[in-house]
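Open the model in your viewer and keep the sequence panel beside it. Each stop says what to select, then what is there.

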Amino acid sequence: MELDIPLRKIIHVDMDAFYASVEQRDNPELKGKPIAVGGGSKRGVVSAASYEARKFGVRSAMAGYIAKRNCPDLIFVRPRFDRYKEISHQIREVFFEYTDLVEPLSLDEAYLDVTQNKKGNPSATLIAKEIRKKILEKTGLTSSAGISINKFIAKVASDINKPNGQKTVNPEEVIPFLEELDIRKFYGVGKVTAEKMYKLGIFIGKDLKQKSLEFLDQQFGKSGRYYYYVVRGVHNSEVKPHRIPKSVGAERTFSENLSSEVFMLEKLDHIATELERRLAQSKIAGKTITLKIKYSDFTLQTRSKTLPYFVAKKSLILETARELLYQSELQNSVRLLGISLANLNTESKKEEPKKESVQVQLKFDF
């Protein structure tokens with residue numbers, strides 16, 4: 001079967017340990033030392049870790065006390081999000097020198113479509129080098145980049161030569177690259193999915209490619225179609241300058257574990273108030289309400305309910321969150337609660353990848 005692969009020149013730029021690198025740049029005494037941005041208290045969570053800390057297994061979203069246990073010399077630094085936003089703005093100014101098709105994923109990473117660019121440079125590889133050089137000159141920070149024909153491959157490629165490097169996957173290299181890629185490195189394959197794939201004998205892209213669309217649909221539901229096409233180099237998602245959120249949420253980590261549902265309802269009231277504020281600010285409503293529960297042993301549970309109508313008001317969100325809380329018995333005391341709203345009124349129908357068309361052209365200057 002021949003598949004249509006729209007050939008674009010996509011760059012994924014990812015800053016290297018962004019928050020931690022900003023702190024090391026602003027405070028030279030921290031350079032070369034293992035640091036973690038976030039709380040080092042019993043209830044604290046690591047937001048980012050320097051490469052020196054990562055050598056000891058310190059990772060983002062890790063509990064502060066576990067990070068300290070892994071790395072006794074770890075230095076905790078309080079996050080300064082206003083500072084990170086300021087530098088992120090400087091970085092985006094560099095992006096816009098080359099293209100207006102910039103899709104930020106967060107403060108420290110973005111997709112750029114440079115198929116047609118303001119510099120008239122036909123080489124996406126050289127553009128990525130220029131961008132990384134300008135970011136370094138302007139901010140003193142290093143970045144990494146992935147360059148290829150679509151967003152999926154560009155994002156995967158940006159991790160390969162980190163930190164302070166880049167990787168280009170040319171059109172003729174796409175299929176061999178994906179066939180040899182470890183399944184854990186496929187963007188969108190998390191730990192649970194990877195374990196399921198291992199049980200099905202899927203370890204690298206080549207194994208995944210041997211599975212039929214029907215088989216993947218049966219095993220992975222809607223995601224099965226996504227896996228079927230991306231391993232064949234098909235990912236038609238365009239770079240969207242105004243990225244529409246798929247969900248809006250709010251959550252709280254508590255200073256003491258909660259074992260009483262009465263106290264949990266009180267916390268949910270505050271969380272629902274914050275969620276209503278965010279929805280009103282963005283003029284968004286949604287149908288699917290999800291309650292997130294993280295227990296004291298760090299196990300995570302989510303419970304969801306989809307309503308037949310869009311909601312944005314606190315009263316309806318809180319009413320559903322209460323139902324979800326009482327849906328089944330709690331497994332343990334609770335350290336975090338969150339409420340999110342998905343299936344938003346901003347979503348549009350996604351285009352399906354074309355199943356048959358002309359064969360991919362391999363002559364495309366990168």
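This is a predicted model: local features need pLDDT of at least 70, side-chain atom pairs count only at pLDDT 80 or more; totals for chains, interfaces and linings use all residues.

**Stop 1: the three-stranded sheet**

Select S2, S3 and S4. They form an open sheet in the order S3-S2-S4, and the pairing is mixed. From one strand to the next, the twist averages 30 degrees.

Now show S2 (35–38) with S4. These two run parallel and are joined by 3 bridges. Pick Ala 36: Phe 76 in S4 stands opposite.

**Stop 2**

Select Asp 16. It sits in the loop between S1 (10–15) and H1 (18–26). Is Asp 16 buried or exposed? It is buried, because its relative accessible area of 2% is below the 20% cut-off.

Next, display side chains around it. The Asp 16 side chain reaches the backbone nitrogen of Ser 143 at 3.4 Å. Beyond its neighbours within four places in sequence, Asp 16 has contacts that include Ser 21, Tyr 51, Thr 142 and Ser 144. Lys 162, Pro 163 and Asn 164 are also among its contacts.

Step on to Ala 17, in the loop between S1 and H1. Its phi is near 45 degrees, a positive value in a residue other than glycine. Ala 17 is buried, with a relative accessible area of 7%.

**Stop 3: the cis peptide**

From Asp 16, follow the contact to Pro 163. Pro 163 lies in the loop between H6 (151–158) and S8 (166–168). Check the bond joining Lys 162 and Pro 163: it is a cis peptide, with omega about -10 degrees.

**Stop 4: another positive phi**

Select Ala 61, in the loop between H2 (51–54) and H3 (64–70). What is its phi? It is positive, about 75 degrees, although Ala 61 is not a glycine. Color by accessibility here: Ala 61 is exposed, at a relative accessible area of 62%.

**Stop 5**

Select S5 (102–106) and S6 (109–113). They run antiparallel, joined by 4 bridges. The hairpin between S5 and S6 passes through 2 residues. Pick Pro 104; its bridge partner in S6 is Ala 110.

Widen the view. The largest nonpolar core has 59 residues. Phe 95 is one of those with the most contacts inside it, along with Ile 11, Phe 18, Leu 112, Ile 131, Phe 186 and Leu 208. Apart from that core lies another, of 28 residues, among them Leu 258, Leu 275, Tyr 295 and Leu 330.

**Stop 6: the four-stranded sheet**

Select S9, S10, S11 and S12. These 4 strands form an open, antiparallel sheet in the order S9-S12-S10-S11. S9 (247–258) and S11 (300–311) are its edges, and each pairs on one side only. Neighbouring strands are turned by 15 degrees against each other on average, direction ignored.

Focus on S9 and S12 (334–344). Between them are 8 bridges. Leu 258 has Val 334 as its bridge partner in S12.

**Stop 7: a two-sided helix**

Finish at H10 (213–220), and look down its axis. Which residues are buried? Leu 213, Leu 216 and Phe 220 are. They fall within an arc of 65 degrees, so they line one face of H10. Residues three or four places apart in an α-helix point the same way, because a turn takes 3.6 residues.

Turn to the other side: Glu 214 and Gln 218 are exposed there. Then show H8 (191–199), H9 (205–209) and H11 (222–230); the buried residues of H10 pack against them. Last, select Gly 221, which follows H10 and has a positive phi near 60 degrees.

Technical notes: Residues are numbered from 1 along each chain as its sequence is written. Side-chain values use heavy atoms; hydrogens and water are left out. Buried means under 20% relative accessible area, exposed over 50%, partly exposed in between (1.4 Å probe, protein chains only). The arc is that of the directions from the helix axis to the C-beta atoms. Contact means heavy atoms within 4.5 Å. Two strands pair if DSSP finds at least two bridges between them. A polar contact is a pair of N or O atoms within 3.5 Å; within protein, one must be able to donate a hydrogen and the other to accept it, and residues adjacent in sequence count only if both atoms are side-chain atoms. Axes are lines fitted to C-alpha atoms, for helices over the stretch in contact, and angles run from 0 to 180 degrees between N-to-C directions. A nonpolar core is a set of buried Ala, Val, Leu, Ile, Met, Phe, Trp, Tyr and Cys residues joined through side-chain atoms within 4.5 Å.
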